[in-house]
Amino acid sequence: MQIIHRVSFNRDSDIGQRFEDLGVELTVGDILAVFEVMESHPHWPAIQAILKEYDLPDLARTEFTKDELEKSHLLMMRPGWLSGYPMPDMDFGYRHMTYDLTDYCSHCGIGFLQTAPFRMRSEPKWGNHHVLMLNWVFDEYFVRPEVWERVFRKYGVQSLPVLKHKTGQLLETVVQLKIDTLAASPLKMGDAPYETCLVCHRTKFLPHRRGYFPAFAAKQDADMFKTREYFGSGASAHHEVIISSRLFREITSNRVKGVQFAPSIFRRYWGQSESAGQSRQRVADERAVQERSSEPS
Ligand SMILES: [Zn+2]
């Protein structure tokens, strides 16, 4: 597992030289200079000190090894490709056309209930991708119909049609994955930071970007489902999408492009009575995983 930071700052600032002196390679654009650095970089502590000194925006993400992903029993799905907007995009008009908003709170973004097909401007320009996420809609995935057929259908995942916005006709090269199962239990979020809405008093967690995704409080049987919890900040809220290891293997063996994954911490001993030795081992395993995934940012 590698935690990677993406940093950007004004290209005219003189701190660029300080980063370069620490062995960082900058990409300089018209306005911004950008670099990515791993926490395993020999000068990471000095780089981090400069980030703090100048209060620079720093977006962390985690990349896992093939082995870490393959050993996980549940994985969080993350978008690898965002493309297009739900239509109509003017004034978020898609919300009224796509969702029942009875339970929706515009202050925190919680409470959408999909009742109609999504609409897109046109057929997606897939290129070499097979899965896409629309901007603004962070808990739905759209795939090529043949990918749904070959990869997802046998795991009980249904598909939903997608419409061409102008005409209301079916689009032929895209379907939505119907992910309407919620997790059988909550996540064990521990002391993860969250916000409580001042208007509706519901809570959501900040998006999870560092390390392993949290464990569920009980065993999950579905192959594709959403967390009960909401994640996001400000007026945006979404569920995270989780898949089983066997669906993960299906996706990777079919070389499906356009998604990434983060393994969830697994409770190996669910459903069994533990001996004292197993209990000690479980606590040691969990501590090791937690320590690896919760270094301070
Ligand atoms: Zn609210």
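Where pLDDT is low, the predicted coordinates should not be read in detail. The protein chain as a whole averages a pLDDT of 90, with 89% of the residues scoring at least 70. The model is predicted, and local features therefore need pLDDT of at least 70 and side-chain atom pairs count only at pLDDT 80 or more, while totals for chains, interfaces and linings use all residues. Residues are numbered from 1 along each chain as its sequence is written.

Helices (H or I, at least four residues) and strands (E, at least two) are DSSP runs numbered from the N terminus, and two strands are said to pair if DSSP finds at least two bridges between them. An open sheet is formed by 4 strands in the order 15-16-5-17, with antiparallel pairing. Strand 15 and strand 17 stand at the edges, each with a single partner strand, so one side of each has no neighbour in the sheet. From one strand to the next the twist averages 35 degrees. Within this sheet, strand 5 and strand 16 are joined antiparallel over 4 bridges, and Met 77 has Val 241 in strand 16 as its bridge partner. Helix 6 lies across strand 5, strand 15, strand 16 and strand 17, and runs at about 90 degrees to strand 16, where axes are lines fitted to C-alpha atoms, for helices over the stretch in contact, and angles run from 0 to 180 degrees between N-to-C directions.

Glu 240 lies in the loop between strand 15 (224–226) and strand 16 (241–244). With 24 C-beta neighbours inside 10 Å, Glu 240 counts as buried; the term requires 20 or more other C-beta atoms within 10 Å of the residue's own, whereas exposed means 12 or fewer and partly exposed lies in between, with C-beta atoms placed from the backbone. Leaving aside residues up to four places away in sequence, Glu 240 touches Met 76, Lys 226, Thr 227 and Phe 231, and its C-alpha atom is separated by 5.5 Å from that of Lys 226, 14 residues apart along the chain.

Helix 5 (residues 145–152) has Val 147, Trp 148, Val 151 and Phe 152 as buried residues. Seen down the axis of helix 5, these buried residues fall within an arc of 100 degrees, so they line one face of the helix; the arc is that of the directions from the helix axis to the C-beta atoms. Their cover includes strand 10 (142–143), strand 11 (158–164), strand 12 (170–178) and helix 6 (245–253). Strand 10 and strand 12 run antiparallel and are joined by 2 bridges, with Val 143 opposite Val 175, while 5 bridges join strand 11 to strand 12, also antiparallel. Strand 11 and strand 12 form a hairpin with 5 residues between them, and Gly 168 in the turn has a positive phi of about 75 degrees.

Some backbone details lie in loops. Between strand 5 (74–79) and helix 4 (94–98) is the loop that holds Pro 88, which a cis peptide bond with omega of about -5 degrees joins to Met 87. Phe 92, in the loop between strand 5 and helix 4, has a positive phi of about 55 degrees although it is not a glycine, and Phe 92 is exposed, with 12 other C-beta atoms within 10 Å.

Definitions and conventions. Two residues are in contact if their C-beta atoms, placed from the backbone, lie within 7 Å. pLDDT is the predictor's confidence in each residue, from 0 to 100.
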